[in-house]
Amino acid sequence: MTPRRGPRGANLGQLGTFNQAVVLHAIRTAPGVSRVEIGELTGLAGQTVTNICRRLLRDGLIREGEPVAAGQGKPRTPLSIDAAARYAVGVHIDPALTTLVLLDLAGLTVATDRFATPVAPDAVATVTAVGERVLSFVAAADVPRERILGVGVATPGPVDVARGVVDNPPHLPGWRQVPVRAELERVVGLPVQLEKDVVAAATAEIWAGTFASATSAALIYLGTGIGAGLVVNGEVLRGASNNAGELGQIVVDQGGEQCRCGQRGCTKVIISAEEMVRQSGDGSSPSSLVELDAELRRLYDRADAGEEHALEVVHSSAVAMVRAALLVTNLLDVERLVLGGPYWTRMSPYFFTVAPAMFAEHAAAHDIHPVELLDTTVGEHLAAVGAASLVLDRTYSPRPGTLVIAPSPRTT
Ligand SMILES: [Zn+2]
């Protein structure tokens with residue numbers, strides 16, 4: 001793989017911490033890269049790269065491989081991330097299921113756990129119970145606790161990121177002003193970062209390199225609801241309050257079903273698991289999210305088997321999802337659109353049956369550039385992996401302003 005030119009460093013002393021992140025980024029995204037190549041990728045002076053690499057080696061964040069002969073010049077020493085140097089915990093609290101992952105510094109998942117979101121007398125007690133699961137998860141993972149940077153937690157929005165509070169998401173009844181961050185920090189004893197699930201999911205794809213060469217990209221997340229993570233120049237577009245990407249209330253069928261919001265044909269009315277199951281006409285609506293999940297699976301089974309009515313329901317959801325995807329694509333002039341989320345896998349073949357023709361006809365810039373439509377590369381634990389990626393991202397991404405390099409307090 002030819003290393004792609006990544007974020008550029010700055011040859012100024014006060015930017016030492018930033019440059020360290022730039023070098024770490026280069027090594028992470030191009031394993032086996034040499035100091036000379038890092039200089040070429042980042043634009044940093046040779047001596048700066050050498051100094052930073054010495055510090056990263058001293059801190060155990062990277063390691064050297066065996067030197068390899070390189071033409072007539074000095075042998076080049078390949079550098080790579082020491083994956084076991086640091087870890088981050090990711091928590092995805094979904095209305096039905098909670099997922100935990102442990103990510104290493106290379107961004108690989110080393111442990112996962114998934115369980116029914118605890119039923120408790122109130123929302124805070126639910127978060128407490130999740131925190132206790134995190135504690136036993138971390139203990140079982142057998143990783144030195146001092147190497148765990150923190151916990152990222154993804155929940156449905158709206159979230160108040162600054163205060164670490166989740167406030168009244170549509171599918172979490174009773175979750176009003178819930179101090180998720182404070183409660184998890186109290187129980188787990190590690191720093192906690194809260195983000196909306198789609199922001200986390202988009203971050204996971206960024207860390208996986210899915211959006212590497214795209215200046216404008218998006219992730220559509222199909223879970224209990226539907227949302228979009230918008231990515232511009234490699235960064236998630238968060239909006240004024242970190243709640244950007246609400247796709248559910250966008251009208252995609254003006255003659256469609258009445259939505260609780262008062263409009264007709266909102267995306268969520270057509271695509272949500274609840275509505276799909278209701279339209280499939282199995283009689284009464286499911287009494288729990290677990291049951292809803294099972295009903296939805298049965299609906300897809302029937303559609304996969306070619307049953308006409310089930311096919312109609314799934315097909316019209318796929319069309320609505322393409323319309324929502326087109327809207328995002330045209331709004332941001334997206335060149336790469338990634339789709340994922342817990343309900344995506346079953347929807348995927350239906351989406352891809354209708355998407356190419358609709359995109360050819362309705363994507364505004366279609367004649368100028370193609371729009372790549374891709375399945376998630378991160379997999380089913382997308383939001384949890386993203387939550388952990390947020391912690392790594394905040395600590396190690398070359399982004400002036402938000403950067404906190406751990407653990408070395410010194411700057412060049
Ligand atoms: Zn609506």
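I began with the outward side of α3, where Q47 and R54 are exposed (over 50% relative accessible area, 1.4 Å probe, protein chains only; buried is under 20%, partly exposed in between). Helices here are DSSP runs of H or I with at least four residues, and strands are E runs of at least two, numbered from the N terminus.

A note on the source: this is a predicted model, with local features needing pLDDT of at least 70 and side-chain atom pairs pLDDT 80 or more, while totals for chains, interfaces and linings use all residues. Residues are numbered from 1 along each chain as its sequence is written, and side-chain values use heavy atoms, without hydrogens and water.

Next I listed the buried residues of α3: V49, I52, C53, R55 and L56. They sit on the same side of α3 because they cover an arc of only 160° around the axis, taken from the directions from the helix axis to the C-beta atoms. After α3 comes G60, with a positive phi near 75°.

Last, I checked I27: leaving out residues up to four places away in sequence, its contacts (heavy atoms within 4.5 Å) include V33, L56 and L79.
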